[in-house]
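Here is a short briefing to read beside the model. Keep the sequence and the 3D view open as you go.

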Amino acid sequence: MSIAEELQQELMRVRREAIELHSADQVQEAIAKLAFAVTEAYSGKVPVMLTVMNGGMIFAAELVKRLDIPLEMDYLHASRYLGETSGGDVEWIVTPNASLAGRDVLIVDDILDVGTTLLSIIDACKAQGAASVKTCVLVDKQHDRKAKPGLKADFTALDAADYYLFGMGMDYKGFWRNAPGIYAVKEH
Ligand SMILES: O=P(O)(O)OC[C@H]1O[C@H](OP(=O)(O)OP(=O)(O)O)[C@H](O)[C@@H]1O
Ligand code: HPA
């Protein structure tokens, strides 16, 4: 069997055996609820929303169309998993284009796991002179390995148990970001 075929079979098995933690409908409902809170928090402001690529893109797209405020969209690409299921140092692949000095910055990402990625991005935004920096994630993974004890995002749509997750932007080995709910990889 060629490597590509083996990988394809693994990807199909992972999807088939996955445990659904939040259905596609539950995810959409949670995002809609979160959007009210974000809209309220930024009422009267003109924030810049920074999507963390690649994982944040699907959540950001779902969230932004429900935010009833004038906002600017930009993105950055920081990665520390690089297609693996355990993380290393944060690598900056693309920095934001917008000038963040004096701006209210909302960082949007798919998952707060250990939190190393978000902390590094917060530091970079503050170093650029952002007026305020808030974080917004689709999922907060529940465990006691956070980079700082009690670390939380300012806005969180859903919690998830301590599994390796995929779907709604989160990848398994670079694949299945397109799955519409939130799924846990079943371990063997
Ligand atoms: O809280 P942490 O433990 O730091 O992990 C969270 C980060 O890990 C994932 O990114 P990844 O490095 O996989 O890059 P990707 O978005 O391109 O998949 C995810 O999208 C978050 O940005
Ligand atoms: O559980 C996860 N799934 C996908 N990407 C991730 N990045 C950090 N944790 C995860």
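The notes below cover the ligand shells, the core, the strands and some individual residues.

This is a predicted model, in which local features need pLDDT of at least 70, side-chain atom pairs count only at pLDDT 80 or more, and totals for chains, interfaces and linings use all residues. Residues are numbered from 1 along each chain as its sequence is written, while chains are lettered from A and ligands numbered from 1 in the order in which they are written.

**Annotated domain**

- UniProt, in an unreviewed entry, places the feature "domain: Phosphoribosyltransferase" at residues 23-148; UniProt positions follow the numbering used here, feature names are shortened, and annotations may be inferred rather than shown by experiment.
- Over residues 23-148 the chain is 30% helix and 29% strand, with the end C-alpha atoms 30 Å apart.
- Helices (H or I, at least four residues) and strands (E, at least two) are DSSP runs, numbered from the N terminus.

**Around ligand 1**

- The shell around ligand 1 has 17 residues, of which Gly55, Tyr81, Asp113, Val114 and Thr117 come nearest; a residue is near a molecule if its C-beta atom, placed from the backbone, lies within 6 Å of it.
- Strand S5 (104-112) and helix H4 (116-127) each supply at least two residues of this shell, and the largest share, 4 residues, comes from S5.
- Sorted by class, the shell around ligand 1 holds 5 nonpolar, 7 polar and 5 charged residues.
- For these classes, Ala, Val, Leu, Ile, Met, Phe, Trp, Tyr, Cys and Pro count as nonpolar, Asp, Glu, Lys and Arg as charged, and the others, Gly among them, as polar.

**Around ligand 2**

- The residues surrounding ligand 2 are Tyr81, Ile111, Asp113, Tyr164, Leu165, Phe166, Met170 and Asp171.
- By class, 6 residues of the shell around ligand 2 are nonpolar, 2 are charged and none is polar.

**The nonpolar core**

- In soluble globular proteins, nonpolar side chains tend to be buried together.
- Here the largest nonpolar core has 42 residues, and Leu50, Val105, Ile107, Val108 and Ile121 touch the most other members.
- S5 gives the most to this core, with 6 residues.
- A nonpolar core is a set of buried Ala, Val, Leu, Ile, Met, Phe, Trp, Tyr and Cys residues joined through C-beta atoms within 7 Å.
- A residue is buried if 20 or more other C-beta atoms lie within 10 Å of its own, exposed if 12 or fewer, and partly exposed in between, with C-beta atoms placed from the backbone.
- Leaving out residues up to four places away in sequence, Ile107 touches Leu50, Val52, Leu118, Ile121, Ile122, Val133, Thr135 and Cys136; contact puts the two C-beta atoms, placed from the backbone, within 7 Å.
- In helix H3 (residues 57-64), the buried residues are Ile58, Phe59, Ala60 and Leu63, and their cover includes helix H2 (24-41), strand S2 (48-53), S5 and S6.

**Strands and their partners**

- S5 pairs with S6 in the parallel sense over 8 bridges, and Ile111 has Val139 in S6 as its bridge partner; two strands pair if DSSP finds at least two bridges between them.
- Strand S6 (residues 132-141) is mostly covered, with 7 of its 10 residues buried.
- An open sheet of 3 strands runs in the order S1-S9-S8, with antiparallel pairing.
- Strand S1 (19-22) and strand S8 (165-166) stand at the edges with a single partner strand each, so one side of each is left without a neighbour in the sheet.
- S1 and strand S9 (residues 182-184) pair over 3 bridges in the antiparallel sense, and His22 has Ile182 in S9 as its bridge partner.

**Backbone details to check**

- The peptide bond from Met53 to Asn54 is cis, with omega near 0°, and Asn54 is found in the loop between S2 and H3.
- Lys173, in the loop between S8 and S9, has a positive phi of about 50° although it is not a glycine.
- Lys173 counts as partly exposed because it has 15 C-beta neighbours inside 10 Å.
- Trp176 is also found in the loop between S8 and S9, and its phi is near 65°, a positive value in a residue other than glycine.
- With 18 other C-beta atoms within 10 Å, Trp176 is partly exposed.
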